[in-house]
Structures are given as structure tokens and as C-alpha cells.
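Dear colleague,

I am handing over the structure below, and my notes on what was found in it follow directly after.

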Amino acid sequence: MNRKNSNKSRNPNKPTLAFYFLRALACINKKTSMASYNQRSGTIKRAAYASMALAAGPKRAWSRAVLCRVLWWGSSRLHGFPTRRRPRAFFHRRVRVADPKLREPSKADVLRRLVPGAKAMDLSRLLEETAHYIQYLRAQVLLMQNVVGSVSD
Amino acid sequence: MSTRRSRSRRSSSSRITDDQIIDLVSKLQALLPESHRRSTERESAAKVLQDTCNYIRSLHQEMDDLSERLAELLATTETTSDQAAIIRSLLM
């Protein structure tokens, strides 16, 4: 029975994804105070991740981790906290030059860094979360491509 | 006593069998974009993990790019009745 449930929750519900994302876009559109283009694109990116996580539901570690990060980011900006200690630079990814002295991390460790909330998982759970995360990421990317395609026509 | 504990820990971790891991890795492989080409052969787990990492990175990059494009588009377009039709088509 657990297998059946997990299969059902696997396929992302496209209308739900679209609803959350479009709602967020509408809110962003209304706020004319965001003059800077960079600010707007950053907000849209966070809204995309947040709506993806909302559609996935709280049962997945990655969706909870993403929502925590988005909320943390939003609240720290609101209250004017210094954003130096932001969580793991997830939204501002920079390429880090690998230190040749350090041992090269295993592939599973690299995956753990990429999938949010997967830092302390064992391999089987990590693989499950990754599969779920990829499905939702792909659905979100397709949705955004549709939106861009429709709006730019 | 400590050996008993470590033995039980070892047995609980081996409950996640190799077959389960292989099954999960093959499911992951099926999700990757080139899976339709290589559907018959089973790749090594390391290759699948590497491809998965690359795929996730490329998806993140695409989301960044699409967000930037949307930021541009939202700034320029105005609300029209066409957008209601777009929204309706996306939600159905």
C-alpha cells in the first residue's frame, strides 16, 4: 500500500503547479516597487521554487527544505537582517574552485549537496528523494517554458 | 554489549538490500533525458549518479534563465484579455 501511495504522489499535479506559480507571478506583477530587474528575476526564481515545493507537499524532505529556505530568505529581507549567513548559497550559486588537497567527494555526496534537505540521508532515501525532486523540477521547468512561450507570443 | 549494538546496527543497515539500491538506480536512470536511447543497457551506478548530478545542475540553470526571461517579459507586457486565456489553458 505504501508503494501505491508513493507512486500516486510521484507524478506532479500540473494544474496545481500552475496555480501556485501563476498566483505568485500575479503578486510579483502587482508590486511595482521592485524596480530592479535583478531583484525581480531573483524573486521570480524563488517563487518558482516555492510553488514547486508547495505543490509537492510537506511529505518530502526536499520540499520542506526549499520552503524553509524561501521563508528564511523572505523574512530576513523583510526585517533587514544581514544576509551574510544565508543558507548554503542555494539561490546565489557560485562556482567554487576545488581544493586539490581535499579528497574528491563521492558522487552520492555531490548529489546530497544538490538535492535540498538531503544532507544526512542514506543512499536509498537519497535516491528516492532525487527521483521525486527531478520530476518536480522538470514539471516546473516545462510550466515556465509554457508561460514564457505563451506570454512572448 | 557494544558488539551486540554494532551488530544490530549493521543488520539494520543491510536491510536496505543491494537489490533495492539497484532498483532505485534504474528508476533514476529512467528519469534521465537520454534514457530512451539507452533503455536496454543498464549503466553503472556511478555513471547514473554523475548524469543525475549534471541533469539537476542543468535544470537549476534552466530555471534561472527562465526566471530572467519571465522578469523581462513581465516588465514589458500589460494585462490583456489574452492572458486570461493563457492562464485558463495552463490551469486545465
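Between chain B and chain A there is 1 salt bridge, counted where a side-chain nitrogen of Lys or Arg lies within 4 Å of a carboxyl oxygen of Asp or Glu. Asp64(B) forms it with Lys45(A), their closest N and O atoms being 3.5 Å apart.

Please bear in mind that this is a predicted model, in which local features need pLDDT of at least 70 and side-chain atom pairs count only at pLDDT 80 or more, whereas totals for chains, interfaces and linings use all residues. Residues are numbered from 1 along each chain as its sequence is written, chains are lettered from A and ligands numbered from 1 in the order in which they are written, and side-chain values use heavy atoms, with hydrogens and water left out.

The contact (heavy atoms within 4.5 Å) takes 46 residues from chain A and 35 residues from chain B. About 4,000 Å² is buried between the two chains, 78% of it given by carbon and sulfur atoms; this is the accessible area, with a 1.4 Å probe, that two parts lose on being put together, summed over both. Of the area that chain B buries against chain A, His60(B), Met63(B) and Leu90(B) supply 16%, more than any other three residues.

With regards
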